Amino acid sequence: MKHAVTYELLKKDSRTKARRGRVHTPHGTIETPVFMPVGTAATVKAMRPEQVKEMGAQIILSNTYHLYLRPGHEIVREAGGLHKFMNWDRAILTDSGGFQVFSLGALRKITEEGVQFRSHIDGSKHMLSPEKSMEIQNALGSDIMMAFDECAPYPSDRDYVKNSLERTTRWLKRCKEYHKDTERQSLFGIMQGGMYKDLRYESAMQVVDLDLPGYAIGGLSVGEPKELMLDILDDCVDYLPEEKARYLMGVGSPDYLFEGVERGVDMFDCVLPTRIARHGMAMTSYGRVNIKNAKYERDFEALDPECDCYTCRNYSKAYLRHLYKCDEMLSAMLLSNHNLHFLVNMMGNIRKAIEEDRFLEYKNEFYTKYGRF
Ligand SMILES: CNc1nc2cc3c(=O)[nH]c(N)nc3c(CCc3ccccc3)c2[nH]1
Ligand SMILES: [Zn+2]
């Protein structure tokens, strides 16, 4: 049968595992490596969809957990699905809710059936299961649906991680069983295994055995030291088949993106660009700028001299600092616009560098200018 989502490998870097590819979806083609903006409550915060599209974003992420609790997946279904509801006609990936229940919901109990939790909004009791997660994602109509999994906390002991990954595999089989319309939406499996390379291998073999259109590396970016994450990634990316898309969940800031690309990852997500914008922080070619710093009071230069985004073309640091100090809404709008543009633009430069076989040179050039992370 034809899968809704397919991966096309275009070029492999000659010196690293970096690769240039495409993810074909019913809502357009995604050039990879790609950074995917997060739009948790069916909006990329403080951004209109036209702006997100205009900067070149090809896919955005949303959340089963949040949309199930509010407004409810049946309302989104009646609206004609998430694309229609939020006026976004490119690709959408939705997470399965597992991670969000652990990170947001007041967790009550994990059983073979699924997860019982209380809503972080009104404390009401709910149950998420593989079947429920698939039902919700079918209603949302996302192009890529993530499997219902357990992201083991860090640190977790080996026995817990082993039992957890085995239950996650059983849940994945139930997701695959439940999901019928494979030509409209594709299910991605998620490799777990904590910080144990042999368990990562076990999880990967179990997940890949189900022959899905794409796979994610889960269970990382959960508070572990950077060196540990990179050490795990050195090996576990290769446990996934070369001919399928590889998505590293929850990663990341610029340095993590370079490290992930270098190890063969195609897709990334991160809430940072819009989250730090709301706290007055900007990512620029010369490192992070904390706009509330007094040194910008009379700085009438653009935020980033090398950026051509709407914010950098029209406003100064002094003005952006003023907006932030006055707690004006335009502050989050302008900084979010720049931060998203910065990461989307950086990934475009990474794709070009891989095409021209100078990925390592670009990485070193970026690090030198950006400075300490
Ligand atoms: C920040 N670090 C981070 N580590 C993660 C691990 C997992 C994981 O092991 N399993 C699942 N299902 N999701 C994870 C996520 C959420 C990613 C996301 C956010 C928003 C929208 C769509 C997708 C993670 N995020
Ligand atoms: Zn800019």
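At 35% relative accessibility, Ala46 counts as partly exposed (partly exposed sits between buried, under 20% relative accessible area, and exposed, over 50%, with a 1.4 Å probe and protein chains only). Its phi is near 70 degrees, a positive value in a residue other than glycine. You'll find Ala46 in the loop between β4 and α1 (49-54); helices here are DSSP runs of H or I with at least four residues, strands are runs of E with at least two, and both are numbered from the N terminus.

Ser221 also has a positive phi, near 55 degrees. Ser221 sits in the loop between β12 and α9, and 33% relative accessibility makes it partly exposed.

## What you're looking at

This is a predicted model, where local features need pLDDT of at least 70 and side-chain atom pairs count only at pLDDT 80 or more, while totals for chains, interfaces and linings use all residues. Residues are numbered from 1 along each chain as its sequence is written, chains are lettered from A and ligands numbered from 1 in the order written, and side-chain values use heavy atoms, leaving out hydrogens and water.

The protein chain has 15 helices and 16 strands. Its radius of gyration is 20 Å, close to the 21 Å that the globule rule gives for 373 residues, so the chain is as compact as a globular protein of that length (radius taken over C-alpha atoms; the rule is 2.2 Å times the number of residues to the power 0.38). Buried residues make up 57% of the 373.

## The zinc site

Four protein donors hold the zinc ion (ligand 2): Cys307 (SG), Cys309 (SG), Cys312 (SG) and His338 (ND1), at 2.1 to 2.3 Å. Donors are N, O and S atoms within 2.8 Å of the metal (3.2 Å for Na, K and Ca); water is not among the atoms, so sites may look incomplete. Angles of 102 to 116 degrees among the four donor atoms make the site tetrahedral, a label that requires all angles between 85 and 135 degrees.

Along the chain, the donors follow the spacing C-x1-C-x2-C-x25-H. Cys312 in helix α12 (residues 310-314) and His338 in helix α14 (residues 329-355) are 26 residues apart and link distant parts of the chain. Both Cys312 and His338 are buried.

## Two cis prolines

The Thr32 to Pro33 peptide bond is cis, with omega near 0 degrees; Pro33 lies in the loop between β3 (28-32) and β4 (34-37). The bond from Tyr154 to Pro155 is cis too, with omega near -5 degrees, and Pro155 is in the loop between β10 (144-146) and α7.

Notes
Tetrahedral: all angles 85-135°; square planar, octahedral: opposite > 155°, others 65-115°.
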